Amino acid sequence: MRIHKQGSGLRLPDYRISMDCTGKEEDHLIVSHAHGDHMPRRPAAEKVFATLPTARFMELRGGPDQVNSLEFHESVDLDHVTITLYPAGHILGSAMIYIESDEGNLLFTGDYRTPAAAATEGFDGPTDVDILVTEATFGLPIYRWPSHEKLFNQIRSFARKALDEGNTPFFLAYNLGKAQELMHILAPLNESVQIHGAGYKLCPVYEEFNVDLGVYEPYERDSAKGKILIAPSSALSTQFASHIKDKRIAYCSGWATLESRRTQLTVDE
């Protein structure tokens with residue numbers, strides 16, 4: 001089986017298939033999830049496949065709008081191969097791509113997480129794999145985190161303590177995936193959350209698939225003080241919440257493991 005790496009994705013030229021990338025000769029494109037580094041903007045493929053949540057996100061984020069949606073564990077037969085999507089646990093709709101052929105079986109993981117993120121469909125994969133192509137963003141031994149229970153308690157305690165002390169808790173997180181996971185974790189506090197506008201427009205997709213995001217609204221400068229705020233770290237270089245002096249900032253990312261990244265940002269936790 002010939003495999004060509006391209007960007008964050010793979011091409012299987014003999015089967016005219018691409019995954020998370022696109023070439024002029026591919027008939028079929030399979031997209032693992034809707035983060036910008038995996039979502040081709042203008043695919044040349046005749047048919048695009050993804051889960052329904054990923055199709056929804058891509059439509060909102062400027063990706064392909066003509067998508068053939070697949071359920072997890074649903075197989076589709078293409079030319080000489082069978083494709084099945086498995087839940088990757090990274091963000092809502094994220095999928096590992098399993099390809100069965102006469103030359104063997106290949107699993108392309110895309111970004112995945114196990115234990116799965118709280119606001120996802122979980123994690124599950126096939127057992128019969130001949131070729132594994134895996135993302136390894138956090139593959140080094142330094143990237144080891146506490147249990148979800150401990151992390152969730154830490155997040156809720158950070159917000160609760162800040163509010164009780166008259167401060168505004170401000171969480172830095174990606175607009176798609178991490179932001180909504182935080183909202184889901186914070187929902188039991190029953191406190192109002194204001195989220196960056198780019199993240200806000202993606203939240204209805206989570207609610208469509210029955211993920212509880214709690215009480216939330218888009219960021220409004222005049223009413224943000226005393227609410228729980230969520231925005232990407234790039235917001236620190238803008239005027240986002242700059243008028244609020246009494247705020248506590250938490251950086252929520254796997255990259256926070258790196259001391260260099262922690263010191264690069266002016267955050268409290």
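**View 1. Cysteine residues in the predicted model.** Cys-252 is buried, its relative accessible area being 15%, where buried stands for under 20% relative accessible area, exposed for over 50% and partly exposed for values in between, with a 1.4 Å probe and protein chains only. Cys-21 is likewise buried, with a relative accessible area of 6%. The count of disulfides comes to 0, a disulfide being a pair of cysteine sulfur atoms within 2.5 Å. Cys-252 takes part in no disulfide, and the nearest cysteine sulfur, which belongs to Cys-203, is 15 Å away. This is a predicted model, in which local features need pLDDT of at least 70 and side-chain atom pairs count only at pLDDT 80 or more, while totals for chains, interfaces and linings use all residues. Residues are numbered from 1 along each chain as its sequence is written, and side-chain values use heavy atoms, with hydrogens and water left out.

**View 2. Helix α1 and its surroundings.** Helix α1 covers residues 52-60, and its residues Pro-53, Thr-54, Ala-55, Phe-57 and Met-58 are buried; helices (H or I, at least four residues) and strands (E, at least two) are DSSP runs, numbered from the N terminus. The buried residues of α1 pack against β5 (47-50) and α5 (203-208), with contact meaning heavy atoms within 4.5 Å. Just after α1, Gly-62 adopts a positive phi of about 85°.

**View 3. The aromatic pair of Phe-57 and Tyr-206.** The rings of Phe-57 and Tyr-206 form a tilted pair, at 5.7 Å centre to centre and with 45° between the planes; rings of Phe, Tyr and Trp (its six-membered ring) pair if their centres lie within 6.5 Å, and planes under 30 degrees apart count as stacked, over 60 as edge-to-face and the rest as tilted. Because Phe-57 lies in helix α1 and Tyr-206 in helix α5, the pair ties together parts that are 149 residues apart in sequence. Phe-57 is buried at a relative accessible area of 0%, and Tyr-206 also counts as buried, at 1% relative accessibility.

**View 4. The packing of helices α2 and α3.** The axes of helix α2 (residues 148-164) and helix α3 (residues 178-186) come within 10 Å and cross at roughly 80°, the axes being lines fitted to C-alpha atoms, for helices over the stretch in contact, with angles from 0 to 180 degrees between N-to-C directions. The contact involves Phe-152, Ile-155, Arg-156 and Ala-159 of α2, together with Leu-182, Ile-185 and Leu-186 of α3.
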